[in-house]
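Please go through this two-chain structure in questions and answers.

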Amino acid sequence: MRERDFESQHAPLWHRFEQQVAGGDARKAVLDEQFPQLYRQLCHHLAMARQRDYSEALVNRLNRLVMAGHHQLYRREQRLGLEMVARALAQFVITLRHARVYLICAVLLFLLPALVVGSATYFDHSVAYSLMSPAQVADIESMYDPDNRRIGPERDAETDLVMFGYYIKHNIGIAFRAFAGGIFLGIGSVWVLLFNGVFLGAVAGYLTQAGFSETFYPFVIGHGAFELTAIVISGAAGMMVGYALINPGRFRRVEALRLAAAKAVRLMYGAMFMLLVAAFLEAFWSSSTQLPVVLKLSVGAGFWLLVLWFCFFSSIGQRRESY
Amino acid sequence: MSEFIDNQCCVETPEGIDFVQSAAGPVPRILAYLIDLGWRLLVYLVLSIATAFIGGLGTGFLLIVTFLLEWFYPVYFEVYRQGQTPGKRVMQLCVVNTDFTPITFAPSLIRNLLRWADFLPLFYLAGLLSMVLSDRFQRLGDLAAGTLVIYRDQALRQARMVDEPIQPLAPAVPLTRDERQGIALLMQRADQVSESRQVELANWLEPITGDRGEAGLRKLKRIGYWLLGAK
């Protein structure tokens, strides 16, 4: 069959299809129940047009229609609802429990330098100066000085909301970097974990030694439960991606990377959620000086228990099919 | 055409057909990025002017908006606007999964979180290197997410058949696939190519037409009409 005959014979079908997919705009598409049959027909026509060497314009037109149909047929539900959030959290918990090894590595990479540098700074506060500039040290010192009316980073004329914005931008950024750095064979994630561990250790050691523990620890304990856990989890997710590149197993490296990233991103769902909670707490709860220290410490401890229970002991996701 | 420089990528669908799209290289993608950057800067500018009057409250709001725009601006558009950010729409690009299905939330999140890694050490150098080295122009984020940036086919001009009174003519010798395609293409682009260039092209096909110059072109057109199915 020549091209013109082919075209005039099937043009009505193509036209009908074109109207249903509305030029590839998924939002305007109106499909009837015959759409799958139409689509299969069209695929058939495309294959024939190619095989019979019809003109490029015709093949191109059919290819474009098939693409639009393909996008309609293989579209997934994207609406963001409560159901989706619950599902994402369940996926997070399940993946987390499978990623135990990465998690342990991430915890060690974060905690060991924090403990070592922390005790070093505690016994010799000059260590802090070799890790931070004097201006930075002075800054941190003034932030947690018990004489301050309000603790935490400087907030003269600013409100809690500013700090909320700041924590969101800064702290969530750290966690995202810990994940993204994983693609460089995991080195980026390891670096972010080590760096933040060392920094936290230095600050904690220095402030404890300076006698500011009663302002520093009540401040960090509350949001730290969410924030530190989330940073460690992000680092674990990054290392998961990095390890897939180092040891791809029976897959090609690119394929192993893709599979690992698809898993690791589920860890990021939970991490993002926790970081959001952390930023909220850090801005509106941790910095308050009205509340007694005992209350803040015990609520903080409660948060830690809650986070650990949620991550490792809760039954969320158990009743669902495995992802 | 050499397959080394071809940017076409092909996927076999469950319907058993190969369907082809062309992957977009660094230049259109950089342009699309710059357009998106322009839009974002415009939003920052407008917001920072507007929030300057509210003080602290405004600053907090601004920080949150910058954070969201920096990390999630592409995610929103890719997931809810069929893989096209405003910049990609202008450049007629779109992000799809490697099997050409529409991109979903998880891959979009992966490719945009890894944007930071692509940016390293400066100005998307890592991403650019990865794009040039991978065979389908994928930056690191694309490799990890299993996504591709392709050209969204725009409607090619349908063949404008000049209904001149041309008598179709069956070619005297059997034509190869390339020859048939070449002749059909020439027919369709006849109104975009100058007459003298057409003659020049037709001269190459002297073994088929057996004529040179104007006469050769006329004969070639008759063969073209026959190939396209004119009676």
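Predicted model: local features only at pLDDT ≥ 70, side-chain atom pairs only at ≥ 80, totals over all residues.

Tutor: Residues are numbered from 1 along each chain as its sequence is written, and chains are lettered from A and ligands numbered from 1 in the order in which they are written.

Student: At what angle do the axes of helix α4 and helix α11 of chain A cross?

Tutor: Helices (H or I, at least four residues) and strands (E, at least two) are DSSP runs, numbered from the N terminus. Axes are lines fitted to C-alpha atoms, for helices over the stretch in contact, and angles run from 0 to 180 degrees between N-to-C directions. The axes of α4(A), residues 82–98, and α11(A), residues 253–286, come within 8 Å, and the crossing angle is roughly 115°.

Student: Which residue in β4(B) is the bridge partner of Leu93(B)?

Tutor: Strands β3(B), residues 93–97, and β4(B), residues 147–151, run antiparallel and are joined by five bridges; pairing requires that DSSP finds at least two bridges. The β4(B) partner of Leu93(B) is Tyr151(B).

Student: Which element gives the most to the side of chain B that touches chain A?

Tutor: The contact (C-beta atoms, placed from the backbone, within 7 Å) takes 52 residues from chain A and 50 residues from chain B. Elements of chain B that each supply at least two residues include β2 (18–22), α2 (56–80) and α8 (177–188). With 13 residues, the element that gives the most is α2(B).

Note on methods: Contact = placed C-beta atoms within 7 Å.
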